[in-house]
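I'd like to walk you through one structure, so let me put it up on the screen.

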Amino acid sequence: MGKITFSTDLCDTLVQGNTTFIFLDSFLADNKKYKFFKKIKKNIVARFILKIFFLLKIDINRYIALGFLRGTPKKELVLHLDKIFTNKFIFNDNILSALLNSKEKKHSTYIVSASLDFIVEYISHKLGIEFLSTTLKYDSNNICLGKIEKNLLFSKKNVFLKKIGNYSGKTLFISDNKEDVDLLKYVDYGFGFFNKKNESCFIKNKITPFDINQVNEIINNE
């Protein structure tokens, strides 16, 4: 085990965009009910309601959207990832470079994401690293039930710290999520992947902006 536990968020950090909805929009492209749901949630009143619930740590948007996967075999979900991976999932080069550098230096390297288990597992397998993710419910035949079993959206800090246990080395985490501020402030090296949505929050909380040279220096020298 290396001297660092290197971890990065997935959506809008390692990969450009929300991987859950990149997948859903593609997989359900011909589903009329899903198209109607997408149209409804663009309404200004619906957007306001969804935002209020999100502030209360209830992601209604995702709960409803996942219901459209009910009855789908996990194998079918993964097969669709095979079809769209190369043209729908665009990596942020500097984050990917830092992750691969950490792996090469034999540090413990993770994706820690609230995205769906089969998506995070698929990408982590491609990169040859470990992962923590939101977990969906499946029946005994691995059929998706369209519900969440374990949600990492608001619990990354506790789940991640439990995972690494009594590890005595340094910890590094990169994220664009405002919901990850507590974890970014807790780890030894917390880097915010800044954008317009998180800038004021990250500045207020004195989160260090991601810098590839600084991150690689930590990876190479610890």
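Before we zoom in, one definition: by a polar contact I mean a pair of N or O atoms within 3.5 Å, where, inside a protein, one atom must be able to donate a hydrogen and the other to accept it. Please also keep in mind that this is a predicted model.

With that cut-off in hand, look at the start of helix 3. A side-chain oxygen of Asn43 comes to within 2.8 Å of the backbone nitrogen of Val45, which means this pair falls inside the 3.5 Å limit. Helix 3 itself covers residues 44–55, twelve residues, and spans 17 Å from its first C-alpha to its last, close to the 16 Å expected at 1.5 Å a residue. After the helix comes Lys57, with a positive phi near 65°.

So is helix 3 tucked away or in the open? Of its twelve residues, the number buried is one, so the helix lies largely in the open. Let me show you Ala46, which has its place in helix 3. Ala46 is buried, at a relative accessible area of 17%. Leaving out residues up to four places away in sequence, Ala46 touches Ile40 and Lys41.

Now to the rings. How many aromatic pairs does the structure hold? There are twelve. One of them joins Phe37 and Phe68, a tilted pair with 6.0 Å centre to centre and 40° between the planes. Phe37 sits in helix 2 (residues 32–41), while Phe68 is in the loop between helix 4 (60–66) and helix 5 (74–88), so this pair ties together parts that are 31 residues apart in sequence. Phe37 is buried, with a relative accessible area of 11%. Elsewhere, ring pairs link Phe85, Phe89, Phe91 and Tyr122 into a cluster.

Ile111, for instance, has Phe131 in strand 3 as its bridge partner.

Technical notes
Residues are numbered from 1 along each chain as its sequence is written. This is a predicted model: local features need pLDDT of at least 70, side-chain atom pairs count only at pLDDT 80 or more; totals for chains, interfaces and linings use all residues. Side-chain values use heavy atoms; hydrogens and water are left out. Rings of Phe, Tyr and Trp (its six-membered ring) pair if their centres lie within 6.5 Å; planes under 30 degrees apart count as stacked, over 60 as edge-to-face and the rest as tilted. Helices (H or I, at least four residues) and strands (E, at least two) are DSSP runs, numbered from the N terminus. Buried means under 20% relative accessible area, exposed over 50%, partly exposed in between (1.4 Å probe, protein chains only). The expected span of a helix is 1.5 Å times one less than its number of residues. Contact means heavy atoms within 4.5 Å. Two strands pair if DSSP finds at least two bridges between them.
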